[in-house]
Amino acid sequence: MSGAPSAVRQAAAAGTAAQRDEQETADRLAAQGAWIALLRGTFDPRRAGLSARQWSYLAEEGIRHQLSGVTYRLLADGPWASQIPDTVLGRLRSLYIGTATRNALYFRQTSQVVKVLASRGIPVLLLKGVHLARFTYSEPGLRSMADVDIMVRREHLAEAEQVFLEQGFGPSPRPNLEEFCSWSNHLAKLTKDGAPVVEVHWGIERPTSPFRIDLEGLWDRSQSATLDGAPVELLGVEDLLLHLVLHCSYHHRFDRSALKGMADIHAAVLKHESEINWHTLADRAAAWGASGFTYTTLRLNLEILGTPIPEFLFRALPHERKDEELVGIVRRYILLPALELPKVYVKLAHSTGMKERAMLLLRSVFLPREKMEEIYGPRANTPMVYGYYGLRLASLLITRGSLPLRALFRTRAMRAPIDREEDRLRIERWVGDLPGAKREEVLGVGGRGSGVGGRGSGVGG
């Protein structure tokens, strides 16, 4: 009988936690809707009626998708700035200033090395972050960068690596260049204290990838510019958009801050709207074998961010039914609240019988002896390890006591991570559809976010 009151208390705790989940999820969805409206230029704070908590969640959306700079600028420059809690705007301002400061340093350090490369007759083409932050967005603080990506011609690769080594980059010794580049489209990362991590590319896709990209064509269509006085080349606008499309969809599987990748496409379209030849873009996407990726990604851009993409482009891009179906799946995947849930609870939510559920819970508590020793640190093979099972059970009851029940009943907040995992697997299967995907996985360069394997061949209806 003593177990009955405990079970009642546990059920009551689960019910209270579920109510909190519901309210938090409602607040996050309201904040997210307002944030998307802000990005689209349709935000009306009077209609949104955000609470202080929801304003905080709006800022978190910008930070989660690595768009804190864009979010700050849109809020700070809007007529509603006075309505935003100071703590929210202050947090975003700090991140914006940090990004602008760091990018200015990255630009200066990159330009110094580029000048040395140029003095040796090695042209440099800027890729991704450094191109976008300096030449696409209206100001550098709007676009964060994790590293610097540049490209040189394949015949200049060895000399370019030597230049970086002479400038104090490492590590040394370096991998064998020919062997490394037989599967990679860039040198092993180059690092130096106080400088950004640099990747020197010789192509925008791996040599083992299923895409057919004319590298010399990229150079022929590139546009000249200067980065802090250093001569650089930039991808032509259609090439830039296709590169961003593949980076967002094929490389990152619409994961890892997918809206940042889509915001890059949005900014590039707005910047070059009058220059883009959409017919050329469609033809080139087909020539590269990337029509399906291009269709799905640009359709998502149009639907989520309102990117001005002409409707005829989608008719001109060969695509399959699954490319169309993925639009809704990816949209949900990107926008569902990003509550992380241990995998055991995802499995628990999908379990059907009491025996299966009991085994899942027991395995999550009573880990193998070796794993317990790794987590809790007792010396190997000591009987003391059994005492840690009690400690683990108590710890899980305190930190996750109601999670199993909430997962079983699939409360609104619990459904989000469960559904996201299902959608992630659907996206993985879609990306892994192109000929060549399995070959790259065998070579050891496949896997989530690695940028290998994929669909988008541009064949079919």
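Buried means under 20% relative accessible area, exposed over 50%, and partly exposed in between, with a 1.4 Å probe and protein chains only. The model is predicted, and residues are numbered from 1 along each chain as its sequence is written. Local features need pLDDT of at least 70, side-chain atom pairs count only at pLDDT 80 or more, totals for chains, interfaces and linings use all residues, and side-chain values use heavy atoms, leaving out hydrogens and water.

**The whole chain**

Of the 461 residues, 52% count as buried. Contact is defined as heavy atoms within 4.5 Å. Among contacts between residues at least 6 apart in sequence, 71% join residues at least 24 apart.

**Ser-249**

Select Ser-249, in helix H10. Ser-249 counts as buried because its relative accessibility is 0%. Its side chain reaches the backbone oxygen of Val-245 at 2.7 Å. Setting aside residues up to four places away in sequence, Ser-249 touches Phe-254, Phe-293, Thr-297 and Val-431.

**The largest nonpolar core**

Next, select Leu-75, Leu-241, Leu-259, Trp-278 and Leu-298, the residues with the most contacts inside the largest nonpolar core, which has 80 residues. Such a core is a set of buried Ala, Val, Leu, Ile, Met, Phe, Trp, Tyr and Cys residues joined through side-chain atoms within 4.5 Å. Helix H10 (residues 237-251) gives the most to this core, with nine residues. Another core, of 32 residues, lies apart from it and includes Leu-157, Ala-160, Cys-181 and Leu-227.

Return to Leu-75: leaving aside neighbours within four places in sequence, Leu-75 is in contact with Leu-38, Trp-55, Leu-58, Trp-80, Ala-81, Ile-84, Leu-89 and Leu-92.

**Helices H11 and H13**

Select residues 258-272 (H11) and 291-305 (H13), whose axes come within 10 Å and cross at roughly 90°. H11 is therefore roughly perpendicular to H13, a term for angles of 65 to 115 degrees. The axes are lines fitted to C-alpha atoms, for helices over the stretch in contact, and angles run from 0 to 180 degrees between N-to-C directions. H11 contributes Leu-259, Met-262, Ala-263, Ile-265 and His-266 to the contact, while H13 contributes Thr-297, Leu-298, Leu-300, Asn-301, Ile-304 and Leu-305.

**Helix H12**

Move to helix H12 (residues 278-288), where the buried residues are Trp-278, Leu-281, Ala-282, Arg-284, Ala-285 and Trp-288. Their cover includes helix H9 (215-220), H10, H11, H13 and helix H14 (311-316). At the N-terminal end, Asn-277 caps H12, with a side-chain oxygen 3.1 Å from the backbone nitrogen of His-279. Just after H12, Gly-289 takes a positive phi of about 80°.

Select Pro-318, in the loop between H14 and helix H15 (321-335). Pro-318 counts as partly exposed because its relative accessibility is 28%.

Finally, select Arg-331 in helix H15. With 34% relative accessibility, Arg-331 counts as partly exposed. Arg-331 touches Leu-300, Glu-303 and Ile-304, not counting residues up to four places away in sequence. Arg-331 and Glu-303 are 28 residues apart in sequence and 8.8 Å apart in space, C-alpha to C-alpha.

Notes
Helices (H or I, at least four residues) and strands (E, at least two) are DSSP runs, numbered from the N terminus. Angles under 35 degrees count as roughly parallel, over 145 as roughly antiparallel, 65 to 115 as roughly perpendicular and the rest as oblique. A polar contact is a pair of N or O atoms within 3.5 Å; within protein, one must be able to donate a hydrogen and the other to accept it, and residues adjacent in sequence count only if both atoms are side-chain atoms.
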